[in-house]
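Q: Got a model open here and want a quick walk through it. Can we start with confidence, then pick out a couple of residues?

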Amino acid sequence: HPQLAARLHCDRLTMAALAAALMSADASVLALSGPLSPATAGKGADAQVDLTPMPYSPPKLSFSNPYKAYAGGNIPGWEYGGETSLNNDYIMLTTATSNKLGWIWTTEPIEIDDWEVQLEFHIGGDPRQSTGGGMAVWFTEQQGRAGAMYGQSDDFRGVGILFDSYGGGESGERVEPFVVAVLNDGTSIDEGAHEQAVEHQVGICYAAYRNLKNIVRARIAWTNGQLRVWLDLTSSNHFQPCIETVNLRELAKQDKRYDLPRVGHFGVTAMTGAHADTHVVYSLAVANLTGAARDGADPLAPTPISDQVPDDVRVHAGGEDAAHPERPAVATDPTVLEAHLPGEQNLQADQAAHATAVPPTTSEDEYLSRFAHELLGVEASMWEVHAQCNASRATLADVRTDVLALVAHRTAVDQRLQTLQEAVERRGGGGDGLVAPGAPGAPAA
């Protein structure tokens, strides 16, 4: 219909003009500020937010306890290995034993533009030791390969969210565990060269997630070229901002390291060093946000709340003060791939593992709470489909109204033509239809 086509064309022109203006603004910011360092773009805050419940996650992109429900220990859509083992309540990637690694990855590649990962986990070890190991959540072009970067090879193409609890340095000082996001284009990251390694970091925060008595939750979102991470350290379903980057798709135009693949595998890996931590995953879910993030919309819609955050679980931004450096060294430990530490040191680490507290278990209330949030996610998805159906019905109703108007107009035109033809026939003496003026038999003007 011409009117409908014109209206849609106008909307497309408006959106195109808006997109061009936004791109121009981004380009102006880049030009004014010079080369942006995405590592300085990560930020934390002591405020808490509520996030929109996660949309529905299909079974092959999620897993959760109880794990006895998986026949033969097989998790559809996932495979695991290394030291990974299934407990009814959680998946244990590593025990608190030195020089171990474990992993779990999706079996098939996934094509996805915008996504969210929700993770429930626990990291804990000997409270007398600050160096425990590390765990990472990945989205990479190739399924993970065993390596020295938290159990993953360092020549990945994609993004890793690293939960680093190595903490202490050679001088023995205690450093708070941190979360750092690292992007790479497939080149090897030489962690021995600190300046080269930190260039891959795009955001960092510090959080005391180690040895908590409750389960820790993380929500990781990649939407509209921006990477964001939130942490819930109190099992309250209130989240603290951890990482929020600039638009990395804009940076990717200048540096291919920031070009995240559209097709890849999701996975979680963990690795222990000389002094080991237990790394446990209770559940993981991946949601496709491609449709929800269309036209710059924010499907998570963070909403600030007024609840105060206890000081001992407050998330700190990288660079906030001397105790929270902006660009820390990310740990790797090649010895994990070679052999156990010899003799006495290995024995001490194993003894410490036996002294480590058992990871927290999921209570009945937490099961019900998670199920309720999953239902909210399903409900939100259904409302979105309902809204889309209503919009489609409204569009169809408009088209139907326009078509009916056209039919009525056509009927009126036909009736008018019939009346004119009858009048001409009467004036022409009953001729067979309309006679062109000037033709033989035509009435006088």
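Q: What does the pLDDT average for the protein?
A: This is a predicted model. The protein averages a pLDDT of 77. Of the residues, 68% score at least 70.

Q: Where is the pLDDT below 50?
A: Residues 4-37 are one such stretch. Beyond near neighbours in sequence, that stretch has 12 contacts in the model. Residues 39-45 also have a pLDDT below 50. There the model has 24 contacts beyond near neighbours in sequence.

Q: OK, on to the fold. How many helices and strands?
A: Five helices and 19 strands.

Q: And what share of the residues is buried?
A: Buried residues make up 43% of the 445 in the protein.

Q: What about contacts across the sequence: how many join residues at least 24 apart?
A: Taking contacts between residues at least 6 apart in sequence, 75% join residues at least 24 apart.

Q: Surface next. What is the accessible area of the protein, and what share belongs to carbon and sulfur?
A: The accessible surface is about 22200 Å². Carbon and sulfur atoms account for 56% of that.

Q: Now some residues. Where does Thr94 lie?
A: In strand 5, which covers residues 91-94.

Q: Is Thr94 buried or exposed?
A: Buried. Its relative accessible area is 0%, and the cut-off for buried is under 20%.

Q: Which side chain does the Thr94 side chain join in a polar contact?
A: That of His279, at 2.8 Å. A polar atom of the Thr94 side chain also lies 3.2 Å from the backbone oxygen of Asp277.

Q: What else is Thr94 in contact with, leaving aside neighbours within four places in sequence?
A: The list includes Lys100, Leu101 and Gly102. Ala270, Met271, Thr272 and Thr278 are also among the contacts of Thr94.

Q: Switching to His316. Which strand is that in?
A: Strand 19, residues 316-317.

Q: Why does His316 count as buried?
A: Because its relative accessibility is 11%, and buried means under 20%.

Q: What does His316 contact, neighbours within four places aside?
A: Glu176, Cys205, Tyr206 and His324.

Q: How far apart are the C-alpha atoms of His316 and Cys205?
A: They are separated by 5.6 Å. Along the chain, the two residues are 111 residues apart.

Q: Which side chain makes a polar contact with the side chain of His316?
A: The side chain of Arg314, at 3.1 Å.

Definitions and conventions. Residues are numbered from 1 along each chain as its sequence is written. This is a predicted model: local features need pLDDT of at least 70, side-chain atom pairs count only at pLDDT 80 or more; totals for chains, interfaces and linings use all residues. Side-chain values use heavy atoms; hydrogens and water are left out. pLDDT is the predictor's confidence in each residue, from 0 to 100. Contact means heavy atoms within 4.5 Å. Helices (H or I, at least four residues) and strands (E, at least two) are DSSP runs, numbered from the N terminus. Buried means under 20% relative accessible area, exposed over 50%, partly exposed in between (1.4 Å probe, protein chains only). Accessible areas come from the Shrake-Rupley method with a 1.4 Å probe; for residues, only the protein chains shown count as cover. A polar contact is a pair of N or O atoms within 3.5 Å; within protein, one must be able to donate a hydrogen and the other to accept it, and residues adjacent in sequence count only if both atoms are side-chain atoms.
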